There are 2 protein chains.
Amino acid sequence: MTQKKQKVKEQFHLFLTKKRLKATLQRNLILDAFVDLDRPTHMDELYLILRSKHSHIGHATVYRALRLFAAAGIAREFSLGDGLTRYELAGHGKRHDYLVCSDCGTVTEFDNSSIEERQLAVARSMGFTVEALKIELRGVCSRCLTQSG
Amino acid sequence: MTQKKQKVKEQFHLFLTKKRLKATLQRNLILDAFVDLDRPTHMDELYLILRSKHSHIGHATVYRALRLFAAAGIAREFSLGDGLTRYELAGHGKRHDYLVCSDCGTVTEFDNSSIEERQLAVARSMGFTVEALKIELRGVCSRCLTQSG
DNA sequence: AATACAATGACATCCACTTTCATTGAAGAC
DNA sequence: GTCTTCAATGAAAGTGGATGTCATTGTATT
């Protein structure tokens, strides 16, 4: 188990204890799958991964677990406009720069700090107090480009 | 009627003629309301505006009209992750920079052309072929800040 | 005016997500 | 270790935004 995973699991169990909630088998399995995947995902993807190994997990439980992870500060909830609620491991800072492949649908993150500084400056000059910033690029990732070409 | 509105209506009727579709009373009313509002909106907002004056419009018709506007190139469809499909007048270029007020929910656009080139350069350096770019800032707009302070 | 067929709107359906509720199971009490 | 409490689970029902269905209405061409 990686150090990062260890830390996330500790954080989650601390949260459960604090709120007098229970550490169930399902929650552990879902958290493992979520951390192991290590990229932004959504309920259905996790559900399929989990069902392939453990057939006794309901989809409502996966939904509830993901919301719980968000409440625990382990995950961040976001959306890309395709109707699915997505989750990513928190702790990447406040940055939310996504590359969404319009071919395979995979979401990857990238770092764009120099540009964000200027974005924020423009917004502030309009009297807007910025709380969150999201940059979303849609296109074709290098893997899909190679395969189709 | 503004020049812009005139132009949009002409474009729409050209589209209808080309596709052998019909210019109905409802479509005209919906287009008028959409252009007059002059900011990004969604079905329900338009529906309420329209119903307050013309009780003979069904919500399915508003949905269909908005999709038609998008097909005609008059409107652009987008989402902000709140489950609503939003539409804005097209023709602002390919840029989609939104300021979303977390207090009043109003969406305003801002122009950020100097930054686009750098965004694209970063993505391309990762082997990503960019098709669309969306920047979304959440925060409190100057009007809400003044009212609450 | 007559004809053809797109558009409308009430209603049903879809889909992602949430809630309900009877049952199961985790964790503290003893 | 057993008991007790009450949160968690999962199957099924419910929500809400968006879309499909279909009989009827309305537009535009003949």
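The questions below concern a predicted model and go from the interface to the sheets and salt bridges.

User: How many residues of chain B are in contact with chain A?

Analyst: This is a predicted model, and the totals for interfaces use all residues. Contact here means heavy atoms within 4.5 Å. On the side of chain A, 35 residues take part, and the number of residues they touch in chain B is 35.

User: What area is buried between chain A and chain B?

Analyst: The size of an interface is often given as the accessible area lost when the parts come together. Carbon and sulfur atoms give 60% of the area buried between chain A and chain B. In chain A, the residues that lose the most area to chain B are A:Arg118, A:Gln119 and A:Phe128, together 20% of what that side buries. The whole area buried between the two chains is about 3000 Å².

User: Which side chains of chain A and chain B meet in a salt bridge at 3.7 Å, N to O?

Analyst: The count of salt bridges between chain A and chain B is two. Such a bridge requires a side-chain nitrogen of Lys or Arg within 4 Å of a carboxyl oxygen of Asp or Glu. The pair with an N to O distance of 3.7 Å consists of B:Glu136 and A:Lys134.

User: Which element gives the most residues to the side of chain A that touches chain B?

Analyst: Across the interface, twelve residue pairs are in polar contact, both residues having pLDDT 80 or more. On the side of chain A, at least two residues each come from strand S4 (97-101), helix H5 (113-125), strand S6 (129-140) and helix H6 (142-148). The residues of this side comprise 18 nonpolar, ten polar and seven charged. With twelve residues, the element that gives the most is S6(A).

User: In what order do the six strands of the open sheet stand?

Analyst: Strands of a sheet pair through backbone hydrogen bonds, either parallel or antiparallel. S6(A) and strand S6 (residues 129-140) of chain B run antiparallel and are joined by eleven bridges, with A:Leu133 partnered by B:Leu137. S4(A) and S6(A) run parallel and are joined by five bridges. The pairing in the six-stranded sheet is mixed, and the order is S5(A)-S4(A)-S6(A)-S6(B)-S4(B)-S5(B).

User: Why is one side of S5 in chain A and of S5 in chain B left without a neighbour in the sheet?

Analyst: The six strands form an open sheet. Strand S5 (107-109) of chain A and strand S5 (107-109) of chain B stand at the edges of this sheet. One side of each is therefore left without a neighbour, because each has a single partner strand.

User: Which helix packs on the sheet of three strands in chain B?

Analyst: This open sheet has the order S1-S3-S2, with antiparallel pairing. Two bridges join S1(B) to strand S3 (residues 85-89) of chain B, and B:His42 stands opposite B:Arg86 in S3(B). The packing helix touches S1, S2 and S3 of chain B, and its direction makes about 75° with that of S3(B). Its name is helix H2 (residues 25-37) of chain B.

User: How many residues apart in sequence are the parts tied together by A:Asp32 and A:Lys5?

Analyst: Over all chains, the structure holds 18 salt bridges. One of them links A:Asp32 with A:Lys5, whose closest N and O atoms are 3.8 Å apart. A:Asp32 lies in helix H2 (residues 25-37) of chain A and A:Lys5 in helix H1 (residues 3-18) of chain A, so the pair ties together parts whose separation in sequence is 27 residues.

Methods
Residues are numbered from 1 along each chain as its sequence is written. Chains are lettered from A and ligands numbered from 1 in the order in which they are written. This is a predicted model: local features need pLDDT of at least 70, side-chain atom pairs count only at pLDDT 80 or more; totals for chains, interfaces and linings use all residues. Side-chain values use heavy atoms; hydrogens and water are left out. Buried area is the accessible area (1.4 Å probe) that two parts lose on being put together, summed over both. A polar contact is a pair of N or O atoms within 3.5 Å; within protein, one must be able to donate a hydrogen and the other to accept it, and residues adjacent in sequence count only if both atoms are side-chain atoms. Helices (H or I, at least four residues) and strands (E, at least two) are DSSP runs, numbered from the N terminus. Ala, Val, Leu, Ile, Met, Phe, Trp, Tyr, Cys and Pro count as nonpolar, Asp, Glu, Lys and Arg as charged, and the others, Gly among them, as polar. Two strands pair if DSSP finds at least two bridges between them. Axes are lines fitted to C-alpha atoms, for helices over the stretch in contact, and angles run from 0 to 180 degrees between N-to-C directions.
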